[in-house]
Amino acid sequence: MLEVRQLSVSYGDLRALWDVSFRVSAGELVAIIGPNGAGKTTTLRAILGLIPAAAGEIVFNGRHLNHEPSHRRVREGIALVPEGRRIFPYMSVLENLELAAHATGGSRDLEARLAQAFAVFPILAERRGQLAGTMSGGEQQMLAIGRALMARPRLLMLDEPSLGLAPVVVDRLYQTIRDLRAQGLTILLVEQYVYGALELADRAYVLEIGRITREGEGQELLHDDYVRKTYLVV
Amino acid sequence: MARVPGVFRGRRLLAVGVVLIGLVVLPRFLTRDLVTALFFAFALITVALNYDLLGGFLGYLNLGQGTFFGGGAYAVFILTKHMPGVAAAGPLALIGLVVVAVAIIALFAAIVAYPLFRLKGAYFAMATFGLFLLVRQLILNLERLTGGAFGIYLPPGYYVDQRLAYWLMLGVVTLSVAVNYLISQTRLGVGLHAIRESEPAAAAIGIDLFRHKQTALVISVIPSALAGCLFGLHFGYVDLESVLGVDKTLLPVIMAMLGGTGLVLGPIVGGVLIRVIDVSLKNYLTLPIPALGVYGLILMVIGLFMPEGILAGLTRRRRVAPRA
Amino acid sequence: MSSLLTPQILLELLLGGISLGGIYALMALALSLALATTHILNVAHGSFMVLGAAASTLLIKYLGLSPVPSLVILVAGFALVGWVFELVCVRPLQGRAPDRILIGSILITFGFALAFEAGLGFYWAKLVDPQPTFSLTLTMPRLTLWGVSLSGTRLVILAFVCLAVLVFHLFLTKTPVGKMARAIAQDYEGALILGVNPRLVSVTIFTVGLLATALSGLFFILATPLGPHDGLRLTLVAMTVIVIGGVGSLPGALLGGIVLGITDVFTAFVFGAVWSPVTYVLVFFVVLLVRPQGLVGIRQG
C-alpha cells in the first residue's frame with residue numbers, strides 16, 4: 001500500500017534521513033521504533049508532504065506522491081495523528097471532527113462519518129459541544145484519532161500516541177488501535193514505547209540517526225538481543 | 001563570514017580610493033545638471049545605506065527612513081528661520097545649527113525607538129511608515145513653525161553652492177559606506193546579526209536586544225539627517241514634497257532591495273540602477289503612468305522574482321558554478 | 001472649541017464615530033484574516049477601499065447607473081479583482097519561508113499600492129475630473145427618535161456594517177471554508193495534516209475580504225470623500241485596529257475600529273479635521289507603549 005524508497009530529508013544543511021526504505025502492505029500494522037531525534041516524526045512528515053523529500057520516492061497505492069501537496073495526499077487516504085495531537089483548542093469537539101470531514105470532501109456524508117467516529121469513541125459524542133482544549137490528554141488523543149478517522153483513511157499513521165498519557169490510558173488506547181486494525185485498517189505506528197508497539201506490530205523497523213538499522217516481525221524484534229539491550233532495558 | 005586576506009583588503013582599499021578621487025574631481029568635467037543629478041543620487045544612496053543598517057543587518061524593515069532625512073532638513077530650516085541672528089553670524093554658526101538639527105533628529109530617533117521596537121515584522125514596517133505620515137501631517141498642521149503647505153524659503157545668502165554641496169554630499173555618502181562597513185566588523189554588527197538570526201537565541205547569550213536596536217536606529221539616522229540638511233541648504237527651500245515626499249522614504253528601500261540588503265555594496269548598486277532608470281524615465285521616455293507608479297511596479301517585480309536582490313543573485317550563481 | 005457640546009451634537013458625534021469605526025473594523029477584519037491565514041500582510045489593502053470608492057463613484061455619479069444594477073456589477077467586479085489579486089500577488093509567495101513571505105508580501109503589495117494609486121490618480125485626473133475625489137450622496141430623511149434626530153445616511157452605513165459583520169461571522173463559524181480558515185489561522189501545519197487545502201482558503205479569504213473592503217469603500221464615501229492617495233493611510237488605520245484588537249479577532253476588530261472612529265470624530269470636533277489623521281498614529285503608538293500585546297491580545301506573525 002505504502003512504499004518508501006531511499007527517502008532522504010534535510011532541514012537546511014542538516015540531513016535528517018538517509019536512504020530510508022520501508023513498506024506497509026494492506027491490512028498490516030507496521031511499527032517504526034527508535035530513540036528521540038532518530039527521524040521518526042520526520043519520516044511521517046515527509047510521507048504527508050509537510051517537508052519536501054530531498055531524494056527518494058514515496059509511492060502510495062501505485063501513485064507517486066513526491067510532488068503532490070499535503071491536502072491531496074490526505075485525500076488519497078493517508079491520515080496522520082500527529083505528535084502532541086495538535087487538536088484545535090479553541091474549537092469544539094464537534095467542530096474539530098467536522099473540519100476533518102470538510103477538508104477531505106466529506107461534507108455530504110458528514111453524519112455517517114460522525115456516527116463512525118462516535119462508535120469508536122463514544123465519549124466524543126458526549127463531549128461534542130465542549131471546547132477541545134479543555135479536555136484531558138487521553139480524551140484529546142481520542143479526539144485526534146477520531147478526527148483522523150473522519151477523513152476515511154486507508155492508511156492511519158500514529159505519531160507517539162502514548163506520549164504523556166497514564167499507563168492505564170495507554171492500555172485502552174492500544175486496545176482501540178488493535179480494534180481498528182481488526183476492522184481492516186492499515187496502520188503505521190511510530191513509537192518510543194517500544195514494548196507496546198512491538199507486541200502489537202506485524203512487522204517493525206528500527207530507525208536510528210536517520211537510518212533504518214533493523215527490520216523484522218514484531219515478535220522477532222521483541223526478542224532480538226540488540227533491541228532488548230538498547231530499548232527494553234531488561 | 002570568512003576573513004578577507006590582507007592582499008584583497010589592500011586592493012579593495014585601493015579601489016575605493018581610486019573611485020573616491022575620481023568622484024571628487026568629476027564635477028570639473030560635467031554639466032551643472034549632471035552634477036545636480038549626482039548630488040541627488042548621493043543623497044538617496046545615503047538614505048538607502050542607512051536604511052540597510054536596520055533593514056539588512058538587523059532584519060527590521062524601516063519604511064520611514066525618509067522621516068529622518070526630511071526631519072533633518074526641516075529642523076535646520078526651522079532653526080535658521082526662527083533664529084535669523086545666529087544663522088547670519090557666518091558659516092561656522094550655520095554648521096553649528098546643522099549639528100544641533102542632527103542632534104535633535106538623533107534624540108527623536110532614540111525616543112521613537114521605544115514604541116517602534118515593541119513591534120516586529122510587518123507591524124514594525126507599517127509603524128515606521130505611520131511615523132513618516134505622522135511627521136508629514138504635523139508639519140502640515142503646525143503652520144507657524146513650519147510654513148505648512150508652503151514650506152520654508154531661506155534668503156539666497158544661506159545657499160550652499162553647487163560644487164561645495166556636491167563634495168559635502170559625497171562626504172556624507174562615504175561616511176555612510178564607512179559606517180556600514182565598520183559596523184559589520186564590530187561587536188555591534190555581530191549583535192545585530194545574531195538578533196536577525198534569532199531574537200530568543202540572541203537574548204539567551206546576553207545581548208541586550210533593545211539597546212542594540214536603538215543604537216542601530218540612532219546611528220542610522222545621523223547621516224540621513226545630515227544629508228537632509230545639506231539637501232535643503234543647497235536648494236534653499238524645504239516643503240513637504242521636496243524633502244518629505246513619499247518617494248524620499250520609499251526610493252531608498254527600493255534601492256537597497258534591488259541591490260541586495262545586508263551587503264555594503266547592495267544599496268550602492270541598487271541606487272545607481274534606480275537613478276539611471278529615473279533619469280531616463282524623466283528625460284527620454286514618455287510615461288503612461290507617473291514615476292511613482294513605475295517604482296511601484298519595480299518593487300512588485302523585485303518581490304516576485306528576485307526577493308534577495310541583484311547582488312545576492314549574482315554571488316549565488318558565482319558560488320554555485322565551481323561546485324557544479 | 002468651535003461650538004458647544006449639546007446632547008444632540010454628542011449623539012451625532014457618537015453615531016458618526018461608530019459608523020466610521022464600523023467601516024474601519026470591517027476593513028481591518030478582512031486584512032487580519034488574510035494575515036492570520038496566509039502570513040501575508042497586504043499593504044495594498046486600503047487601496048481596495050479606494051478602488052471601491054472610485055468604481056462606485058464612476059458608475060453611479062458619472063455614468064448615472066441606478067444603485068441596484070451598479071451594486072450587482074460592483075460586487076461581481078470586486079470579487080473578480082480580489083481573485084486576480086490573490087492569483088498574481090499572493091500565490092507566488094506560497095511555499096517561501098515565513099520571514100521571506102513577509103518581506104516579499106510587503107514589497108509586492110506596497111509596489112501594487114503605489115502603482116495603483118499613481119495610475120488611478122493620473123487617469124482619473126486626465127479622463128474624469130482634474131481634481132479627483134470620490135464621493136456619493138444619498139438622500140435619506142433624518143430619523144427622529146425620542147426627540148433627537150439622527151442622520152439617515154449614517155444609519156445606512158451602520159446597517160451595512162452590521163450586516164457585513166454578521167455575514168463574516170456566519171461565514172467563519174458555519175461554512176466549511178470558514179472553519180478551515182479558522183483552523184489554518186490557529187495552527188497552520190495542524191490544518192494541513194487534516195487535509196485543509198491552504199490555496200482554497202487563501203483564495204477565498206482574499207476574494208471575500210477584498211470584496212467586503214471594496215464595498216465598504218462605497219459606504220465610506222457616503223459620509224466622507226476619499227482621494228486616490230488615501231490607500232496607504234487606510235491600510236495604516238486597519239493595522240492600528242489590529243494592534244488594538246488582535247489578529248483575526250472579530251470582537252477585537254470591532255472594538256479597535258470603534259475606538260478609532262470615535263477618537264477621529266471627537267478630535268475633528270474639538271481641534272479641527274486636520275488633526276484627525278494625527279490621532280490615528282498617536283493612538284497606535286500609545287497602545288503600543290501601554291499594552292504592546294494590544295487591548296485584546298495580539299499574536300504577532
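Visitor: When do two strands pair, and over how many bridges do E1 and E2 of chain A do so?
Guide: Two strands pair if DSSP finds at least two bridges between them. Strands and helices here are DSSP runs, numbered from the N terminus: strands (E) of at least two residues, helices (H or I) of at least four. This is a predicted model, in which local features need pLDDT of at least 70, side-chain atom pairs count only at pLDDT 80 or more, and totals for chains, interfaces and linings use all residues. Residues are numbered from 1 along each chain, chains are lettered from A as written, and side-chain values use heavy atoms, without hydrogens or water. Strand E1 (residues 2-11) of chain A and E2(A) pair in the antiparallel sense, over 7 bridges.

Visitor: Which strands of chain A stand at the edges of the sheet?
Guide: The open sheet has 4 strands, in the order E2-E1-E4-E5, with antiparallel pairing. An edge strand has a single partner, so one side is left without a neighbour in the sheet. The edges are E2 (14-24) and E5 (63-64) of chain A.

Visitor: At about what angle does helix H1 of chain A run to E1(A)?
Guide: H1 (residues 40-48) lies across E1, E2 and E4 (55-60) of chain A. Axes are lines fitted to C-alpha atoms, for helices over the stretch in contact, and angles run from 0 to 180 degrees between N-to-C directions. Contact means heavy atoms within 4.5 Å. The angle is about 110 degrees.

Visitor: Which helix of chain C gives the largest share of the side that touches chain B?
Guide: Here 44 residues of chain C are in contact with 39 residues of chain B. The buried area (accessible area, 1.4 Å probe, lost on being put together, summed over both parts) is about 3,700 Å², with 81% from carbon and sulfur atoms. Helices H3, H4, H9 and H11 of chain C each give two or more residues. The largest share, 16 residues, comes from H4(C).

Visitor: How many salt bridges link chain C to chain B, and how many link chain C to chain A?
Guide: A salt bridge is a side-chain nitrogen of Lys or Arg within 4 Å of a carboxyl oxygen of Asp or Glu. Glu189(C) and Arg86(A) meet in one, at 3.5 Å, N to O. Between chain C and chain B the count is 0; between chain C and chain A it is 5.

Visitor: Which residues of chain C lose the most area to chain A?
Guide: Chain C and chain A bury about 1,900 Å² between them, 63% of it from carbon and sulfur atoms. Three residues of chain C together give 35% of what that side buries. They are Lys179(C), Ile193(C) and Leu194(C).

Conventions. Buried area is the accessible area (1.4 Å probe) that two parts lose on being put together, summed over both.
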